[in-house]
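Dear colleague,

Please find the structure below, with the sequence alongside. My notes on what was found in it follow directly after.

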Amino acid sequence: MSRKTVHIENFGCQMNKLDAQLVASAFEEAGFGLSQSVKDADVVLINTCSVRQNAEQRVISHLGHLKHIKESRPDIIVGVIGCMAQRLGEELFEHKAVDIVCGPAQIPKIVELATQAIKEKTKQLAVTEKIRKENQSEELEDFESAYGADGRGNSANAFVRVMRGCNNFCTYCIVPYVRGPEVSRPPKAIVEQVKHLACGGVKQVTLLGQTVNSYKYIAGEKTYCLADLFEMLSEIDGIEWLKFVTSYPSQEFFVPILKAMADLPKVCKYLHMPPQSGSDRILKAMNRKYTSAEYLDLLVKAREIVPDIAIAGDFIVGFPGETEDDFQCSISLLKKAEYKNSFIFKYSPRPDTAAEKRLADDVLPEVKKKRNIGLLAEQEKNSDKFSQKFFGKEVRVLVDGPSKKAKISSNEMGQLQLVGRTEQDCIVIFEGLRSLTGSFAKVKITRTSPLTLFGELI
Ligand code: 5AD
Ligand code: SF4
């Protein structure tokens, strides 16, 4: 049998990007080649997201496209992995293109499933009824911690999951159903993994968790929290920046995390802590466990301990029953919070969540759209103000590589338009050599816009 190749397409969040990387490494280890396009792949995997309906719709239309490809290449194996696979299970086989359905807790089986599908030409299903149990399995931990163990980072940037799942059951959210309950990974495994990544040239590690700030691991007498992880990971040579997303607004561990941010130079001064709404009535209906005043108090505390902290938020507009007054509370909170940036989403009812079962999706689409635009416009003012603070300043940037427009601006000195990010997660664009990719650069900021800083290499 000639060497088979796999192509992985990713829909969704950073968690999903990490899963795609884990899956890619597993296939490579099993002797598969990785392919950049569907065209020359034997196996095509779609890593899916269920958080909003439009994310699922994009996957469904993509499956339509793959069905066409399969008509001329019937041997190609198509797999759906990730949250949608767990949510829909066998139902996905109704799409003609689909051969494999594999949920997030079953991901260690993916290579085996693909190999079976190629050999036997049969449909392969691996989702779990018992997601509560399965996402605590040793198999999953082994699969996860193997990533980076070959001492070969794919770039200067790596994601490391420190916890799986979520226990919060916000009424709109599907995550606890498809990713299971919170499980924190052992600190030792995380430290080992980051050491291996550092050996492979990784300089920045982003620690991932749905509620990463509630990381908690009990070993004998000692309870490890995220601040302990920061301390341990700060010791690792080669790692220069530690970031972490996403934080749930909660008092628990908050001060130690901020203190670590203030005291440990490697911990980046960036906090992504979604409020979701500024209305206490809506927060309650969302089963968020804080009021808008408590949330803003946390931000005051954060800025007291880490004066130059950059804070980002998420909002949902058009949650069931959201009135104009409720929406104005979100506007008011957004203004007071002075976010660096915010992600704003229109409420999308997700099957079997408490909100979908009990509350009518009664805010009209055009009202959701208007509120979305309203919050974005307010945020743009904040973002602009935040960016302007960097005008004329020097910033340290970890270079991601050529920007999307790089070719157009390439000049005779071989310089290209490069893009990188600062410690506070600001995007910076400047000209430089491609070889700077993956290294740190000093850039003087000469122009700013709400979401991007522009500068010159020093
Ligand atoms: N509808 C709209 N947005 C949602 N989010 C989560 N669930 C939903 C939903 N049902 C948003 C939240 C979360 C982000 C990842 O996605 O703002 O922070
Ligand atoms: Fe979803 Fe809430 Fe958990 Fe975030 S904290 S993943 S919004 S249930």
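Strand 20 (residues 440–448) is joined to strand 21 by 5 bridges, and the two run antiparallel. Here strands (E, at least two residues) and helices (H or I, at least four) are DSSP runs numbered from the N terminus, and two strands pair if DSSP finds at least two bridges between them. The two strands make a hairpin with 3 residues between them. Within this pairing, T448 stands opposite L453 of strand 21.

The model is predicted: local features need pLDDT of at least 70, side-chain atom pairs count only at pLDDT 80 or more, and totals for chains, interfaces and linings use all residues. Residues are numbered from 1 along each chain as its sequence is written, chains are lettered from A and ligands numbered from 1 in the order in which they are written, and side-chain values use heavy atoms, with hydrogens and water left out.

Strand 21 (residues 452–457) also pairs with strand 19 (residues 427–433), in the parallel sense and over 4 bridges. L453 of strand 21 is the bridge partner of V428. These strands belong to a barrel that 5 strands close in the order 17-18-19-21-20, with mixed pairing. From one strand to the next the twist averages 50 degrees; axes are lines fitted to C-alpha atoms, for helices over the stretch in contact, and angles run from 0 to 180 degrees between N-to-C directions.

A second sheet is open: its 3 strands follow the order 14-15-16, and the pairing is parallel. Strand 14 (270–272) and strand 16 (341–346) each have a single partner strand and stand at the edges, so one side of each is left without a neighbour in the sheet. Neighbouring strands of this sheet are turned by 15 degrees against each other on average, direction ignored. Strand 14 is joined to strand 15 (residues 310–317) by 3 bridges, and A312 in strand 15 is the bridge partner of H272. Helix 15 (residues 365–388) packs on the sheet and touches strand 15 and strand 16, its direction making about 175 degrees with that of strand 16; contact means heavy atoms within 4.5 Å.

F343 lies in strand 16. Not counting residues up to four places away in sequence, F343 touches H272, G313, D314 and F315. The C-alpha atoms of F343 and P274 are separated by 8.7 Å, although these residues are 69 apart along the chain. F343 is partly exposed, with a relative accessible area of 38%; buried means under 20%, exposed over 50%, and partly exposed in between (1.4 Å probe, protein chains only).

Which residues surround ligand 2? They are C166, N168, F169, C170, Y172, C173, V175, P176, Q210, T211, Y248 and R288, where near means that a heavy atom of the residue lies within 4 Å. This shell has 8 nonpolar, 3 polar and 1 charged residues; Ala, Val, Leu, Ile, Met, Phe, Trp, Tyr, Cys and Pro count as nonpolar, Asp, Glu, Lys and Arg as charged, and the others, Gly among them, as polar.

Finally, the cysteines. The structure holds 0 disulfides, a disulfide being a pair of cysteine sulfur atoms within 2.5 Å. C170 is buried, with a relative accessible area of 9%. C225 is in no disulfide, and the nearest cysteine sulfur, that of C268, is 18 Å away. C225 is likewise buried, at 8%.

With kind regards
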